[in-house]
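Hello,

Here is the structure you asked to look at. My notes on it follow below the entry.

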Amino acid sequence: MKFSVSCSFEYHLTAPETLVLNIRPSEGLGQTVLQERFTVLPGLDHCLLTCGPTGTRFDRLHTAQSGLYTIDYEAVVETRTSKFRAMELVDHGPESFDVSLFGYLYPSRYCQCDRLGNVAHDLFGNVTNAEEKVRAVVAWLSSRLAYIGGTTNSSTSAVDTVLERVGVCRDFAHLGIALCRALNIPARYVTGYAHQVQPPDFHACFETWIGGQWLFWDATGLASPDGFVRIGTGRDAADCAICTSFGILQLQSQHVTCKAMEETYQKMSAAELAAESVCLG
């Protein structure tokens with residue numbers, strides 16, 4: 001499946017500073033960037049950096065002066081997914097985990113699984129199958145959290161979301177990750193462009209390692225696994241910030257799009273999501 005994605009920003013900088021942007025679709029992990037265009041006005045030199053294990057790509061820019069800067073990005077990306085029957089994948093537990101998975105089991109800045117262990121086991125401890133546990137977590141998040149924009153901020157963590165029961169996509173993802181890690185299921189955070197997500201914006205979801213596959217989950221129900229273009233992958237939002245500034249800046253405007261290039265494309269239905277598990281790759 002091919003998708004056309006784009007984003008644009010206007011930032012006002014009060015002094016010269018360095019920015020690190022994470023807006024390009026990643027290379028690998030089931031997707032290929034067929035063409036792309038990245039521009040900054042006024043013109044700036046920038047350095048493209050790639051994280052080897054995840055394929056996450058960063059643009060590092062340094063401004064020589066203060067003022068208004070416009071950043072535009074657009075790309076055509078081909079994505080692939082692998083689908084499995086629900087509960088088909090056999091999980092062997094921590095005794096089989098590679099060392100590369102350990103970081104996705106430990107507490108991180110926004111996903112304090114060590115503080116949510118009792119909550120996770122009280123709610124889901126009686127479920128024995130790993131995938132069934134994750135599906136139970138996703139169902140609980142969907143039914144117990146309210147999706148309301150502007151209710152949380154960059155400091156909101158999984159523990160805060162348990163107490164407040166409200167948030168946006170990143171909060172759903174952070175709590176899902178924390179609960180899964182507390183259940184000894186490796187879980188990681190993923191950001192991307194999502195087809196027809198409303199309101200149009202970057203979208204956050206999570207993945208869990210089950211039976212040798214990273215399975216994709218969106219507890220908000222806004223994104224379809226086969227309509228998602230991956231940007232960043234990490235332990236939580238701290239690893240996948242859209243913009244990291246080493247100084248002070250003000251966001252003046254932002255615009256994000258993601259469109260399927262095949263007119264016949266339709267999101268997976270609720271019945272399909274219940275019957276199948278999806279890996280982005």
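M87 counts as partly exposed because its relative accessibility is 35%, between the 20% and 50% cut-offs. Keep in mind that this is a predicted model. M87 is not a glycine, yet its phi is positive, at about 70 degrees. The residue sits in the loop that runs between β7 (82–85) and α1 (117–124).

R165 is another non-glycine residue with a positive phi, here about 55 degrees. Its loop lies between α3 (158–164) and β9 (166–167). With a relative accessible area of 32%, R165 is partly exposed.

There are also cis peptide bonds to check. One joins L41 and P42, with omega at about -10 degrees; P42 belongs to the loop between β3 (31–41) and β4 (46–50). Another joins Q198 and P199, with omega at about -5 degrees, and P199 is placed in the loop between β10 (187–194) and β11 (203–210).

As for the chain overall, it contains five helices and 16 strands. The radius of gyration is 19 Å, which agrees with the value near 19 Å for a compact globule of 281 residues. Along the principal axes, the C-alpha atoms fill a box of roughly 60 × 40 × 35 Å. Of the 281 residues, 50% are buried. Among contacts between residues at least 6 apart in sequence, 77% join residues at least 24 apart.

The accessible surface of the protein chain is about 12,800 Å², with 50% of it belonging to carbon and sulfur atoms. The side chains include 21 positive and 30 negative ones, and the centres of these two sets are 1 Å apart.

Regards

Technical notes. Residues are numbered from 1 along each chain as its sequence is written. This is a predicted model: local features need pLDDT of at least 70, side-chain atom pairs count only at pLDDT 80 or more; totals for chains, interfaces and linings use all residues. Side-chain values use heavy atoms; hydrogens and water are left out. Helices (H or I, at least four residues) and strands (E, at least two) are DSSP runs, numbered from the N terminus. The radius of gyration is taken over C-alpha atoms; the globule rule is 2.2 Å times the number of residues to the power 0.38. Buried means under 20% relative accessible area, exposed over 50%, partly exposed in between (1.4 Å probe, protein chains only). Contact means heavy atoms within 4.5 Å. Accessible areas come from the Shrake-Rupley method with a 1.4 Å probe; for residues, only the protein chains shown count as cover. Lys and Arg count as positive and Asp and Glu as negative; His and the chain ends are not counted. The place of a charge is taken as NZ of Lys, CZ of Arg, CG of Asp or CD of Glu.
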